[in-house]
Amino acid sequence: MRRFLKEKFGLTDRGVRAVELASVISFLVNFGYMLFMMIAMYFGDNVLRGEEKPAWVYLLLLAVTLLFVYCVVDLEYVRTYNATYREASDLRLEIADRLRELPLSYFSRHDLSDLAQTIMQDVSDIEHAMSHAMPRCIGYVFFLAAVGLLLLVSNPLLGLATVLPLLAGFLFMLFSKDMQKRWTGKYFWKSREMTEAFQETIELQREIRSCGIEEENYRRISDMMDGAEKLRLRAEITQGMPMLLSILFMKLTLGVISLVSAWLLGANRIQLIMVIGFLLASVRLVDAMGAMEESFAELLYLDARVKRLNELRETPTQTGRDTELGRFDIVLKDVRFGYEDGTRVVDGVSFTAGQNEVTAIVGPSGCGKSTLLRLISRLYDYGGGEIRIDGKDIREISTDSLFQKVSFVFQDVILFNASVLDNIRMGRADASDEEVKRAAEQAGCAEFIEKLPQGYDTLIGENGSRLSGGERQRISIARAFLKNAPILLLDEIAASLDVENEMRIQSALNQLIEGKTVVIVSHRMKSVENADRIVVMENGRVDAVGTHRELLESSALYRRLIEKSRMTEDFRY
Amino acid sequence: MIYRKLKEYAPERLAFAAIGIVLAFLAALLSIASYYMLYRFLVKIIADGDIRGAVPAAFRIAALLVANTAVYFLSLWATHALGFRLETNLKKLGIRRLMQASFSFYDRNDSGRIRKIIDDNTVLTHMSVAHLIPDLSTAVFVPVLGAALAFAVDVKLGVLFLVTLLLGLYFIQRMMGDRQFMKRYMEAQETMNAGAVEYVRGIHVLKIFRMNAESLREFHRAVLAYSDLALRYSMSCRRWYVVFQVFFNAVYLTAMFFYSVRNGEPREFLAKFMFYVMFHGILFISFMKVMYVGMYLFQANSAIGKIETLFREMEEKKLPRGTAEKMDSFDIEFRDVTFSYGEERVIENLSLTLPAGRSYALVGSSGSGKTTLAKLISGFYQTDGGEIRIGGRALSEYSDGAFARNIANVFQDARLFQDTIYENVRAGRRSASREEVMEALHLAQCDEILGKFAGREETVIGSEGVHLSGGEMQRITIARAILKNAGIVILDEASAAADPENEYELQRALANLMKGRTVIMIAHRLSSIRNVDEILVIENGRVAERGSHGELMRGDTRYRRLQEEFMRANEWRVRGEAAPAAQAL
C-alpha cells in the first residue's frame, strides 16, 4: 500500500503516512454520515412495526452521532491540511535540491523556464489532490467495499443490483482516461504547432513587419487554429462517451434497485424495511460518488505530473567520493563527449593544463571550446577517455569537493534577485561583509555599487535587471575573487561588452589569474598570445598545442585564425 | 460581465450559450421528475402496498435518469463548442494584435511570457466558459425545481428544503474565508514561481558555488511562506466547513420530528420522510456547483482581464501611421526631438540633419542613446516631443508599407523564419525573381553557406542537421536586406554577435549592403568605421562631436579618446605587460 501510494502519487514517506491516516479518518467520516441514515432507518422500522418511541430517544441518538461526526470531520480537516502544506514545501525543496545535483545534461533536454514552472505547478496539483482527492477516494473505495459487502451478504440479488451499476460506472471512468489519453496525444501536436507559431510571431515580429508579411502570417496561423478547433470538438465528443456511460450507470443504480426490489417485493421474497434500507444506502453511495467524481478524475489525471516527478527522482545524480585535492594540474586524455546520443562535440581531446599556468583554448565557433570547460568543471560528465586532477579521475571526486576548488566565470552572467552583497557572497558563503567588499573592489565593482540607492544592500531585481552588462560581469568576477579557488575557468567573459567595461575587466583579470590553474576560452586571438599553452581546436579535436610562436610554425589552422582576425581588424567599411 | 465579453469575442456562437442553458434547464427538470417518480414509487410500496403499481414508476425512474444524463451531456457539448470558439477567436485576435503591437511593448515584455499569458489564459477562458454555463444553470434550476417538488409533496418538507438551502448558502459563503487572503496567496505564489524560474536558470552557477535551495534565502522563504499562507487560509475556513458538512448530512433528520405533530396516516408520512431523505442530497450537488460557478467566474474574469490588459499594453505608445507610400528622398531630419523610456529621458531637444546618400556611424558608450537614435529613425517609437522627418515628411505621414519598403534594418541578433533559405531571402521582396534572390545571396557572401548543404538554397532552416552559426544567419538576413533594395539602411551592432572567424565575411556582406545607400551604423569595432562619411559621437542623447575620422582625430576629442581606449582593449593580453600605447593611429 505504501509503495503504491508513493509511486502513484509521488509523495515523500511522511506524506504517505499522512495520506494513510487521512484515508482512515475519511472512511470514518463516510461511516458517520451513514449513521444518520441508520437513525432514519431505525425510525422507519419503528413506524412500520407500529411502535412509537418518544422523541428524546431520537434526539439522544442524533446528539451522540452529531458529536461523533463533528469530531471526525474536524479531525479530517485539520490533519489533511496540515500534512498537505508541509508536504508541499517538503516536495518543492526536495525537488530544488535534487535539481542541483543533476548533471547539466538533464537541463539541456528541457526548456528551462517551462521546467521550473511545471515543477511548481505539478507540486501544486499534487498538493491539491492530497488535500482533497487522495484521502477521500481511498476512504470512499474502502467504504464502498465495506458497505457493498454488507449489502451483498444481507441480500445477494439487491446487493448486486446496487454494486454492479456502480462498478460499471467506475470501470467506464477508468476507460475514459485511456480514451482521453489517445485524443490528447493527437491534439498535443496541433497544440504544440500553435504554440510554436505564436512564439515565432512574437520573436520574429520585427522581421514580419519589416518584410510586410503580416496578412500572410495571420492567414496561415488562423487556418491552423480553425483546424485545431474542429479536431478538438470531435475529440471532446468521442472522449466524452465513456464518461457519459460512466455517469449514466451510476445514476441508474437507483432505477435498477427500484425495479429489482419491486420484483422481489411482488414475489414476497424481501421485507419492506430492507428495501428502504437498500434505497437509502444506494442513495448515500451514489451521492458520495457524485461528490467524488471530480476527485476521481483529478487522481486519474495526476499521472503525468507524478511521472515527471518520478522521472526527476530517478535521473541519476553525479556521484563521487569526497576527496582532498593537493595539486591542480588538469590532465585530459582522449576525452569524448556529446550532448545527445550519437553526436560528438568533443572527440578525443588530450592536453594538460598545468598549475600556475594559463592555458588558452581557441578555435572556430562550434569546435567544442566551451564544452571542454564544462567537462573540466563536471557540470557535464564526459562520455569517454579521462580527465584527471591531482592524478584522480574527476568522475570519482564528489562534485562538492571539486566545486570547492573551481571558479567558473561565464559569458552569460546569472544574478539572483537578492542584495548585491548576497550576490557576491555566493562566492564563499561564510565570507564576512568586509571580505565581500574587498572582492568587489578588486573586481572594480565598488564604484558603481556605492552609487546604487542602498549601496551593497540594494536588491538588484530579477536576474540583476537593474545592472548593465558590464556591471553584471564585474560582479561575477568579484565572486571569483571572493572564492579564490585554485582552478579558474573563464569562458568568453568579455564578449559583447563595450570598450570601457572591457578595459575594467581586463585590468582585474590579470590580478585574478595570479597563481592559479587557468583555462581560458577566448575569441580574441591577440588576448591569449602570451598564454603558457594554447590549444587549437577544430570540430571537437585538438589540431595543435603549443605557445604562440610554436603554433605559428606548426599549425595552419592557427595561422589562418590569426590571419582572419587581422583581416577583420583591418577592415574598413 | 461574462455575457458582454462573449458577445464581444464570440458573437457567432452566442446561440450556443442559449442552447446550453435551455438544455441544462431540461436536464434539471428531468432529474426532478425522476425524483417525483421515486416519490410515487415509495408511496406505492410503503403507503399503498401496491407493488404492481410500483413497477411502472420504477421504469420511469430509470428512463428519466437516462434522459437526464443525455440532455445534460448535450448541454455540455453546446457550451464546449462555444468555449472552443471563444478560445480560437481570442487566439486569433492575439496574433493580430501581436503583429500590430508597439515596439516598446516588446522591449518591456519577454517573448516567453507574452506567449504564456495568451496561451494559458485563452485555455482558461474556454474551460471556464464551457463549464460555467451548465453549472450555473444546474446551480439555479435544480434548487428551484426541487423546492417546488418538496412543497408539492408536503408543505413542511418544502419549508425544510428552503431552510436547508438558505442556511447551506450562508455556510458556504462563510466558508469562502477572507478575500484579502486570496490576493496575498496569489502574490505569494507568484513570488515563489519567479524564484523557481530564477533557481533553474542559474542552476549551473548554484552548482559551482555549492548553493542549495536553503542558502538561496529569498526562494527558500518564498516556498515556506506560500505553504504557510495556504495553511492559514485553510484554517480560516475550518469551522464553517465542518459545520456545513455536519449540518448538511444531518439536517434531513429534522423531518422525523414532523411525525409527532402529524395528523395523518403514519405509513404515508413514512413514505414522504424516506423520499425526503433520498431527495435532499441533490442540494449538495447544487452547492458544489455554486462553488464551482464562483471559481469559474473568477477564473474567466481574471483570464479575460489578463488578456485585455496585455492587449492594452500592446496599444500603448503605438505609432500613428499615415498614408504616404513613397519616400521622395532619404534626407533625415530631427527637429527638436525629445524621447524617454518610461521615466528616464534619453534624448532631449535634439536637432540634426543627415543628408541622403551618405554613411554615418554613431559612436558612444553604452547608454549614450545611439541605439535609441537608430530605432527612432526606423520608426519604432513615438517621440515625446518634436518630430523626425524623412524626405521632407514627418514619419507619422508614412504607412507601414512605406517603412517596410524603404528602410532595411539589420540587428545584432539575426532571426530567420522556419522556412527555406530561399524563402527567407525572398521575404524581403516578394516580387523578386529567382536571379535577384540568388544575386542577393551572392552579394551577402552566402555562397559558402549554400555549399554546406545538399539542398542549397532550398535547405529548411531549423530542420534536422541544419546548424547555422550566428554570423551565418546574419549573412542570410543581409541577403534579405539587399534584396529589399531600401533607400535607408540601419545597422545596429550588426556584426557584434558574429563568430570571429565569420566576422570578415560578414563585414564584406554589410559593405555590399551599404553601397549607394543612406546608412546609419552602430559598430562595436571602432577600427572599421574610419572610412565612413561622417561620425557622430553621441553622449547623453546629444551629438557631442561630428565629422570625418580625419577631422575628429585632430585635437583632443572624445572620439580620439574612444579610439585609443578601443585600441588598448584590443591590444590587451592575458599575462601581458601594460598595454602598448595606440601608436597605430
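Chain A has 19 helices and ten strands, where a helix is a DSSP run of H or I of at least four residues and a strand a run of E of at least two, numbered from the N terminus. This is a predicted model, in which local features need pLDDT of at least 70 and side-chain atom pairs count only at pLDDT 80 or more, while totals for chains, interfaces and linings use all residues. Residues are numbered from 1 along each chain as its sequence is written, and chains are lettered from A and ligands numbered from 1 in the order in which they are written.

I will stay with chain A for a moment. Its C-alpha trace spans about 115 × 60 × 50 Å along the principal axes. Of the 573 residues of chain A, 44% count as buried. Buried means 20 or more other C-beta atoms within 10 Å of the residue's own, exposed means 12 or fewer, and partly exposed lies in between, with C-beta atoms placed from the backbone.

Next, the domains. Chain A is divided into domain 1, residues 2-155 + 270-314, and domain 2, residues 328-405 + 531-573; these bounds come from an automatic or database domain assignment. How far apart are the centres of domain 1 and domain 2 of chain A? Taken over C-alpha atoms, 58 Å separate them. The contact between them takes four residues from domain 1 of chain A and five residues from domain 2 of chain A. By contact I mean C-beta atoms, placed from the backbone, that lie within 7 Å.

Now some strands in chain A. Strand β1 (residues 330-337) of chain A runs antiparallel to strand β2 (residues 346-353) of chain A, with six bridges joining them. Two strands pair if DSSP finds at least two bridges between them. In this pair, Arg336(A) stands opposite Asp347(A) in β2(A). β1(A) is also joined by five bridges to strand β4 (residues 384-389) of chain A, again antiparallel, and here Lys333(A) stands opposite Glu386(A).

One residue in chain A deserves a look at its backbone. Most residues other than glycine have a negative phi. Arg378(A) is not a glycine, yet has a positive phi of about 65°. Arg378(A) is found in the loop between α11 (369-376) and β4 of chain A. Is Arg378(A) buried or exposed? Arg378(A) counts as buried, because it has 24 C-beta neighbours inside 10 Å.

On to chain B. There are 20 helices and ten strands in chain B. The radius of gyration of chain B is 36 Å, well over the 25 Å from the globule rule for 585 residues, so chain B is more spread out than a compact globule. The C-alpha trace of chain B spans about 120 × 55 × 50 Å along its principal axes, and buried residues make up 46% of the chain.

Chain B has an open sheet of four strands in the order β2-β1-β4-β5, with antiparallel pairing. β2 (344-354) and β5 (393-394) of chain B are at the edges with a single partner strand each, so one side of each has no neighbour in the sheet. Strand β1 (residues 332-341) of chain B pairs with β2(B) over seven bridges, and Phe334(B) stands opposite Leu352(B) in β2(B).

Two residues in chain B are next. His280(B) is found in the loop between α10 (266-279) and α11 (281-315) of chain B, and counts as buried because of its 23 C-beta neighbours inside 10 Å. Not counting residues up to four places away in sequence, His280(B) touches Phe161(B), Thr164(B) and Tyr252(B). Arg456(B), not a glycine, has a positive phi of about 45°. Arg456(B) is partly exposed, with 16 other C-beta atoms within 10 Å.

Last, the two chains together. 127 residues of chain B are in contact with 136 residues of chain A. Which helix gives the largest share of the side of chain B that touches chain A? That is helix α3 (residues 51-100) of chain B, with 24 residues. The side of chain B that touches chain A divides into 72 nonpolar, 31 polar and 24 charged residues. Here Ala, Val, Leu, Ile, Met, Phe, Trp, Tyr, Cys and Pro count as nonpolar, Asp, Glu, Lys and Arg as charged, and the others, Gly among them, as polar.

Conventions
Rg over C-alpha atoms; globule rule 2.2 N^0.38 Å. Contact = placed C-beta atoms within 7 Å.
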